[in-house]
Amino acid sequence: QWGTSIADFNLDPAEFKYDSLITMDMGGTNAVLSDDYGKLLMYSNGMHVHNSFHKNIPGLDTISYSDYWENFNIKDYLPDGSDWLAGFPGRQWNLMLPDPESKDYYIFHPLRILRPNGQFTQTIGLMLTKVAISAENPTGKVIYKDSLIASGTFQWGINAVRHANGRDWWVIHSSEYNEAFYIYLLDPNGLRLTNKFSGTTKINQATSYVVGYFSPDGSHYVTSESLGLYFDTTLVNIYNFDRCSGLIERKEFKKLEESQLIYGALSFSPDGRYLYVNDGIRMLQYDMMEDSILPTEKTIATYDGSKFQYNEWDSGTKLIFSSMAQGPDGRIYCIPPGNTRSIHTIEYPEEDGEAATMLQNSIKLPTQNFNSIPNFPNFRTGPVDGSPCDTLGLDNMPVAKF
């Protein structure tokens with residue numbers, strides 16, 4: 001029952017299967033990167049990085065090392081007497097992007113430490129690791145690692161969207177208490193901070209659990225955030241985003257009461273028409289085409305009461321809704337929180353209301369999944385045709401699936 005499952009989207013519907021070669025466990029942090037043709041390059045649970053051969057990239061047996069890292073390094077745990085790197089628990093803690101200038105790759109990851117009393121933790125930096133993977137270096141070669149690019153106190157969540165030129169990247173993350181968003185530009189000249197946006201929805205506590213996604217066309221950035229230990233409240237924020245300038249503005253805000261989320265959860269339909277947010281019990285749909293988005297709320301599904309049980313004596317884990325991700329097959333995949341073996345799906349997310357068709361526990365996993373769903377941007381977001389930034393002659397080429 002233990003081990004890592006993969007989703008094979010060469011089949012329709014996708015096949016979820018156990019792969020015994022994958023020995024990395026995920027505890028929430030899950031970053032994956034493939035090349036332009038879909039070939040796996042590397043993946044990480046926030047503590048170390050494996051290559052396509054499912055071995056540590058030389059030199060990346062540790063990243064983000066600190067006393068917090070050691071909290072998730074279980075000594076002498078495995079049958080051969082080696083340590084078990086359980087994986088960091090944070091959603092969207094790691095993000096992998098291709099270098100716009102070369103064939104190298106970047107890993108964005110946090111520096112998190114234990115506070116002096118040892119009972120609380122804090123993110124005090126954003127780090128960058130650069131890796132070369134090529135025919136000459138098929139297992140990966142570290143160019144540099146754990147380079148500190150920002151110091152301060154930060155939130156969870158690292159996200160990115162293509163620049164309007166279709167080549168470069170905007171990278172965004174937030175400070176503690178949601179005091180500000182930090183927006184970076186990754187281009188052939190490297191990485192630099194371009195904007196600090198303070199028009200965020202502030203909160204009065206340091207700890208909250210936020211995830212964020214850009215809409216498929218990159219014109220909106222949306223966050224869903226559960227508040228610290230008060231899991232009865234989720235905050236939803238919609239921001240307008242300019243892919244030319246990297247400028248952001250707050251558009252709408254809503255508080256979801258009686259939430260049962262520990263982490264925020266949202267996703268978009270592939271065409272960008274609908275935004276999906278859940279509060280653990282309800283799956284909500286919003287129409288992004290309306291001037292006022294959040295008042296269009298529709299409930300398309302409600303938790304059906306199902307549970308996962310290890311055995312007949314186990315009281316069971318509620319298979320409520322949690323983190324979501326859009327699959328390449330057009331479905332939205334939604335995991336329950338905790339250690340379970342089910343995934344929910346929204347079958348037709350481009351349809352209005354209940355026609356979107358949410359199927360609960362539609363996928364039965366061969367192994368347990370612990371809060372793990374991959375974090376990656378929309379690599380198919382191309383240039384904004386006709387904009388002042390559409391200067392590189394790149395075409396928005398469609399990708400067909402037959």
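User: Let's start with I113. Which residues does I113 touch, not counting those up to four places away in sequence?
Analyst: I113 touches S66, D67, Y68, F120, T121, Q122 and I124, once residues up to four places away in sequence are set aside. Do keep in mind that this is a predicted model.

User: Noted. Where is the place of I113?
Analyst: I113 belongs to strand β9, which covers residues 104-114.

User: What separates the C-alpha atoms of I113 and M283?
Analyst: These two C-alpha atoms are separated by 35 Å, and the residues are 170 apart along the chain.

User: OK, on to V142. What does V142 touch, again leaving out residues up to four places away in sequence?
Analyst: The list for V142 is I57, P58, G59, L60 and K130. V142 sits in strand β11, residues 141-154, and is partly exposed because its relative accessible area is 25%. There is also a C-alpha separation of 7.8 Å between V142 and T129, which are 13 residues apart along the chain.

User: Thanks! Switching to the core. How many residues has the largest nonpolar core?
Analyst: The largest nonpolar core has 23 residues, and L275 and Y286 have the most contacts inside it. Two or more residues each come from β18 (230-241), β20 (266-268), β21 (274-278), β22 (282-287) and β29 (358-370).

User: What is Y286 in contact with, leaving aside neighbours within four places in sequence?
Analyst: Y286 is in contact with K254, L256, R273, Y274, L275, V277, I293, L294, T296 and E297. A second, separate core has 15 residues, including L128, I158, Y184 and L186.

User: Good. How many strands does the protein have?
Analyst: The protein has 29 strands, along with one helix.

User: And the radius of gyration, what is it?
Analyst: The protein has 20 Å; a compact globule of 402 residues would have a value near 21 Å, so the two agree. Along the principal axes, the C-alpha atoms fill a box of roughly 60 × 50 × 50 Å.

User: What share of the residues is buried?
Analyst: Buried residues make up 55% of the 402. As for the surface, the accessible area comes to about 17900 Å², with 51% of it belonging to carbon and sulfur atoms.

User: How many positive and negative charges are there?
Analyst: There are 31 positive and 48 negative charges, and their mean positions are 2 Å apart.

User: Last topic: backbone geometry. Which peptide bond is cis?
Analyst: The bond from D12 to P13 is cis, with omega near 5 degrees. P13 is in the loop between β1 (5-8) and β2 (15-18). For background, most peptide bonds are trans, and most residues other than glycine have a negative phi.

User: What about Q92, what is its phi near?
Analyst: Phi of Q92 is near 60 degrees, a positive value in a residue that is not glycine. Q92 is in the loop between β7 (84-85) and β8 (95-98), and it counts as buried because its relative accessibility is 6%.

User: And D146, where is its place?
Analyst: D146 is in strand β11. Its phi is positive, about 55 degrees, although D146 is not a glycine. With 22% relative accessibility, D146 counts as partly exposed.

Methods
Residues are numbered from 1 along each chain as its sequence is written. This is a predicted model: local features need pLDDT of at least 70, side-chain atom pairs count only at pLDDT 80 or more; totals for chains, interfaces and linings use all residues. Side-chain values use heavy atoms; hydrogens and water are left out. A nonpolar core is a set of buried Ala, Val, Leu, Ile, Met, Phe, Trp, Tyr and Cys residues joined through side-chain atoms within 4.5 Å. Buried means under 20% relative accessible area, exposed over 50%, partly exposed in between (1.4 Å probe, protein chains only). Helices (H or I, at least four residues) and strands (E, at least two) are DSSP runs, numbered from the N terminus. Contact means heavy atoms within 4.5 Å. The radius of gyration is taken over C-alpha atoms; the globule rule is 2.2 Å times the number of residues to the power 0.38. Accessible areas come from the Shrake-Rupley method with a 1.4 Å probe; for residues, only the protein chains shown count as cover. Lys and Arg count as positive and Asp and Glu as negative; His and the chain ends are not counted. The place of a charge is taken as NZ of Lys, CZ of Arg, CG of Asp or CD of Glu.
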